[in-house]
Amino acid sequence: MSTDVRLRVDGVEVVVPAGCSVAAALRLAGHVSTRRALDGGGRGACCGMGVCFECRVRINGVERLGCLARVADGMEIVCDA
Amino acid sequence: MRELSTEILVVGAGPAGIAAAVSAERAGARALLVDMQAEPGGQIWRGQWNNATDRAARRWLTALRGSPVATRYGLRLVDFAAPGLAVFDGADGPLRVRCERLIVAAGARERLLPFPGWTLPGVFGAGGLQVLVKNGWPVAGQRIVVAGSGPLLLAAAATLRKAGAQVLCIAEQTGAADLARFAAGLAPHPGKWLQAAALRGRLAGVAYRCNAWVERAEGTERLESVRLRAGRSVERIACDALAVGFGLVPNTEIAQLLGCELRDGAVVVDVHQHSSVAGIYCAGEICGIGGVDQALAQGEVAGRAAAGSGERPRALRRDCARSARFAQTLRRHFALRDELRELATADTVLCRCENVRYADAAACRSQRDARLQTRLGMGHCQARICGAAGEFLFGWTAATPRPPLAPAPLTCFTEPTSDPEPPAQESA
C-alpha cells in the first residue's frame, strides 16, 4: 500500500499513493472541479459512493466514476473541467 | 460477452450481501457475490477488507474469505436481459450472470437536499466525504462543517477528525427533545449506545448543535463558507468543506425494475426476506433503513431461505426483531423539519445532472411530469439524487426506473454471449 502509482491527468504526470481512488488522486493533484455542468459551473466528487455521478471522468478513454475506480500505473485520466 | 452461471446471485457486497452469500453457501447452495466497488464491505465496512478493525466486519469478512463463495467486484448491475439473466458493466467490459435465484442487497444512499450553493465543489454528502476519505481523499488541516441529520453525522465527523481535519461543528437539524428521546431509546441496544458514546469520546471538543442546519453554501469556484442557522440566529462559518446528509434512502432501483412491491420507499418482504416476486429475496437497507445489525440478520435469513433452508433459528429471529425496533426508533426521532423544504430558491438547481431549477420542478405535478417537461431525473444519476429530494420537497413518489439503471456502453446490450464459463467457484 505504501508504493506510489504514476498516472497522467489531462496529459500531466501525477504520482499518488497506491490504493487510493481516482477521485482522491485528482484532488491530491490539485483538481477541485473535475467536470463542467450544463450551466458552466464546476462540479466535483459529492456522494462518494457511485450514486450522484458528479465525479465522472474519462479513464483510459472510457467514462468512469472517480469515486469507484482505483488508481493504476499508467492510467490516463481526462477531466471535463 | 463473458457469461457466468450460478445458483444464487447476490447483488451488493455490504454486510447484508456478505451474510447472505456466506449463509447460502453454508446451507449447501452455490452463490456468486457481485459489487460495484473494488472490494467487499459496502459503505459501512469500507476499508475493512484489508484491515478489519470492527469486530463484526472481521468476523464476516473472514467468513467470506474462507467460504467457497465466488466473488466479482467493480461491476455495476445495469439491466436484466431476461428474468434470471443479469447484465453488469465494469472496467473490463460487460458481464452476464445467469442465476436461478436472486438476493438483492443494494444498500442505501444518502438523502441530499438542495439549498443555494449545494452544487459547489467542496460540498459533499456526510457519509460521502467519509467514504471518500477512507479511499484516500485528503482532508488533513481542512476546516469542515458536518451537517444534516442522523447518527451517521457522528461517525462521519469522527473519520474526518482522525484523518486530520478540523471539524468546526456538527449541525443536527433534529431538536434536543427528540435527540434525548433517541438516546433514551438506545437503552435496549447496548451495542449502539456504546458506539455512540465512543464516537462522542473521539469527538471531544467538537461543538454538537441541535436544531441547526446549513441554509446556504457560498463560494465562487469552490466552497468558501456556509451560513448556519440555529434557531433565530444565523452565523457565517468560513470552511474548506461541508459534509451534509439528511439520512439514508434505500437503493430500490433493482428491485423496482424486477417488479418487487414497495411500501414507504422500501421493498416489502416476508419473514424469509422473500419479495413479492418469486425467486427474488431482498435484505438490508433496501428493506428499510435499520443499520448493520439488521442488515446482517436479514442477510443471513435471505441466504438460508434462498438456499432452501427455510427455518429461522431462534437467535436469528431475536436479532431481526431487536434490529427492527432500533430501525423504528431511528425513523421516529430523526424526522426532517419543514424548514428544510424552504431552503432552495427559484434558481437553485434541483436536478444536478440536467440542471433543472427548483422553480421549474415545483411547477410540475409529479416526478414523471417533471421528467417530461424539464428532463429532471433523466441525466447520468437517473434521479437517484433529485428523486429522493423531490419526494421530501413535493411528496412525489419515485417514478419506476427503466433500463439501463446507469449509463452503460452499448456493448452491454449488443455483444453476443460467448460460451458460458463453467460455474464460477474460485474466489477472484
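Trainee: Why does the radius of gyration of chain A agree with a compact globule?
Mentor: Because a compact globule of 81 residues would have a radius of gyration near 12 Å, and chain A has 12 Å. The radius is taken over C-alpha atoms, and the globule rule is 2.2 Å times the number of residues to the power 0.38. This is a predicted model: local features need pLDDT of at least 70, side-chain atom pairs count only at pLDDT 80 or more, and totals for chains, interfaces and linings use all residues. Residues are numbered from 1 along each chain as its sequence is written, while chains are lettered from A and ligands numbered from 1 in the order in which they are written.

Trainee: What box do the C-alpha atoms of chain A fill?
Mentor: Roughly 40 × 25 × 20 Å, along the principal axes.

Trainee: And which elements are in chain A?
Mentor: One helix and seven strands. The order from the N terminus is β-β-α-β-β-β-β-β. Helices (H or I, at least four residues) and strands (E, at least two) are DSSP runs, numbered from the N terminus.

Trainee: How much of chain A is buried?
Mentor: 48% of its 81 residues. Buried takes 20 or more other C-beta atoms within 10 Å of the residue's own; exposed is 12 or fewer, and partly exposed lies in between, with C-beta atoms placed from the backbone.

Trainee: Over to chain B. How many helices and strands?
Mentor: Chain B has 13 helices and 21 strands. Its radius of gyration is 21 Å, close to the 22 Å from the globule rule for 428 residues, so chain B is as compact as a globular protein of that length. Buried residues make up 51% of chain B.

Trainee: Which domains does chain B have in the assignment?
Mentor: Domain 1 is 2-109 + 249-312, domain 2 is 123-246 and domain 3 is 344-394. Those bounds come from an automatic or database domain assignment. The centres of domains 2 and 3 of chain B, over C-alpha atoms, are separated by 26 Å.

Trainee: How many residues are in contact between the chains?
Mentor: 30 residues of chain B are in contact with 32 of chain A. Contact means C-beta atoms, placed from the backbone, within 7 Å.

Trainee: Which elements of chain B give two or more residues to that side?
Mentor: Strand 7, strand 8 and helix 3. Helix 3 of chain B gives the most, with four residues. The side of chain B that touches chain A divides into 14 nonpolar, nine polar and seven charged residues. Ala, Val, Leu, Ile, Met, Phe, Trp, Tyr, Cys and Pro count as nonpolar, Asp, Glu, Lys and Arg as charged, and the others, Gly among them, as polar.

Trainee: Is helix 3 of chain B mostly covered or mostly open?
Mentor: Mostly covered. It spans residues 126-134, and nine of its nine residues are buried. B:Leu129 and B:Val133 are among them.

Trainee: What do those buried residues pack against?
Mentor: Helix 1 (22-28) of chain A, for one. In chain B, the partners are strands 7 (108-110), 8 (123-124), 9 (143-149) and 15 (241-246), together with helix 4 (152-162).

Trainee: Which residue with a positive phi follows helix 3 of chain B?
Mentor: B:Gly136, with phi near 100 degrees.

Trainee: Last one. Is B:Arg232 buried or exposed?
Mentor: Exposed, because B:Arg232 has 5 C-beta neighbours inside 10 Å. B:Arg232 sits in the loop between strand 13 (225-230) and strand 14 (233-238) of chain B.

Definitions and conventions. Contact = placed C-beta atoms within 7 Å.
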